[in-house]
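User: I'm new to this one, and I'd like to learn how to read it. Could you walk me through a few features?

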Amino acid sequence: MPLLPLAEAQAHVLAACAPLHPSAVRLGDALGLVASVPITAESSVPPFDNSAMDGYAVRASDTVSAPCELTELGTLAAGASSDVVVGPGQALRIMTGAPLPAGADAIVMVELTEPGSSPGTVRIAEEVQLGTSVRRAGSDIAAGDVVLAKGTVLTPGVLGVLASLGASRAPCHRRPRVGVLSTGDELVAPGEPLGPGQIRDANRPMLLALVAQAGCTPVDLGIVRDDRTALVEAVSNGVEGCDALVTSGGVSVGDFDLAKAVLDELGEMRWMQIAIRPAKPFAFGVVGGVPVFGLPGNPVSSLVSFELLARPGLRALMGHAEVHRQQVPAVADVGFERDPDGKTHFVRVRSSVEADGRVHVAPVSGQGSHQLAAMAGADALVVLPDGDGVNAGAEVAALLLG
Ligand code: AMP
Ligand code: MG
């Protein structure tokens with residue numbers, strides 16, 4: 001089978017991952033989701049002119065002769081309202097956020113005031129300009145403004161904006177439920193003894209966490225034996241209750257790669273050999289209308305395959321425009337050696353921003369596709385194009401993880 005360029009495999013995945021149907025999601029559940037329509041403000045924020053400081057509401061023209069003394073009218077707290085009109089020579093003590101009283105056109109902050117020479121007066125130390133420390137109605141958001149473009153990611157700040165407008169829900173693409181299952185007779189769940197030839201199932205907890213980190217809801221579908229009936233049942237159940245499925249194991253060319261046969265039977269799968277290392281074998285297809293990502297079993301390959309192929313697909317289901325990990329230029333602190341083999345290598349590296357302000361990278365020790373412990377210390381992947389590698393000091397491209 002000819003090796004497929006990574007970009008082609010990614011395009012193939014993305015073509016089958018349209019954003020999920022929009023729905024009105026409660027703000028508390030919407031972090032990281034994507035707005036499905038533009039959102040227009042129906043009201044202004046703040047809704048009224050108010051004070052930006054604790055101080056005194058005054059007429060700016062009264063302070064021209066500062067230092068000067070004004071007559072105190074009382075106090076206005078945030079959340080209160082008052083019919084008091086601030087006339088010439090008068091001042092109303094006011095708290096941050098309280099509405100600007102009629103007649104006043106500026107705030108003198110409390111630090112520029114002190115008690116006047118007689119009771120009921122306040123001494124103003126400096127002149128203030130018209131509008132000083134006044135927050136105008138609509139100066140944050142004006143009614144009619146488009147506050148969120150379609151495609152905006154609902155960050156904590158954006159959720160705050162929606163709440164400031166009185167929204168309790170946001171129209172967005174709902175969060176995908178993503179089923180994760182491991183395949184293989186050799187896999188043993190935690191708590192069970194390890195028999196001869198058996199290993200622990202490292203991939204499932206790792207992939208469940210990667211799914212959550214991608215912003216989706218992980219659904220644990222367990223370990224499935226290399227058994228036709230068990231696989232058919234697990235995959236059928238999975239696609240019924242989930243918006244996407246991530247499997248690991250059984251996509252290479254081994255004799256017992258039943259997953260392949262079963263997935264082919266259930267849906268439209270494409271089995272790929274991608275021109276990358278690690279994570280060459282990869283399967284993708286649609287089973288019962290649900291995208292299925294078949295990742296290789298080797299844990300490091302599984303993780304890299306998830307990052308390069310499954311995560312972009314899941315992000316596309318969420319409606320994200322940016323689906324790939326951020327790629328930044330970085331300085332290779334040591335030489336990255338390799339031999340030409342027709343593949344792009346993804347080297348697991350540790351990155352840091354150094355005194356020169358640039359990102360520097362060095363490989364973690366242990367680059368074997370079974371060496372998950374070494375991978376766990378990496379926070380980026382260096383994209384090393386086919387060829388002989390690069391010398392220390394060269395600029396390389398790094399994909400930032402996490
Ligand atoms: P496979 O892709 O099924 O041929 O598996 C390739 C290698 O990955 C084998 O050494 C498997 O034992 C190992 N492997 C498969 N699934 C897992 C898993 N869930 N956790 C840890 N290792 C695994
Ligand atoms: Mg297997």
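**Strands, then the ligand**

Analyst: Let's start with a pair of strands: β13 (residues 177-183) and β17 (residues 244-248) run parallel and are joined by 5 bridges. Here strands are DSSP runs of E, at least two residues, numbered from the N terminus, and two of them pair if DSSP finds at least two bridges between them. Keep in mind that this is a predicted model, where local features need pLDDT of at least 70, side-chain atom pairs count only at pLDDT 80 or more, and totals for chains, interfaces and linings use all residues. Residues are numbered from 1 along each chain as its sequence is written, chains are lettered from A and ligands numbered from 1 in the order written, and side-chain values use heavy atoms, leaving out hydrogens and water.

User: Which residue in β17 does Val-180 stand opposite?

Analyst: In general, strands of a sheet pair through backbone hydrogen bonds, parallel or antiparallel. In this case, Val-180 faces Val-246 of β17.

User: What is the strand order in the open sheet?

Analyst: The order is β16-β13-β17-β21-β20-β18, 6 strands with mixed pairing. At the edges sit β16 (217-224) and β18 (268-273), each pairing on one side only.

User: Which backbone atoms lie by ligand 1, and how far away?

Analyst: Look for polar contacts, meaning pairs of N or O atoms within 3.5 Å. A backbone N or O atom of Ala-202 is 3.0 Å from a nitrogen atom of ligand 1, while for Gly-250 the distance is 2.8 Å, to an oxygen atom of the ligand. Gly-297 has a polar backbone atom 3.1 Å from a ligand 1 oxygen atom.

Technical notes:
A polar contact is a pair of N or O atoms within 3.5 Å; within protein, one must be able to donate a hydrogen and the other to accept it, and residues adjacent in sequence count only if both atoms are side-chain atoms. Helices (H or I, at least four residues) and strands (E, at least two) are DSSP runs, numbered from the N terminus.
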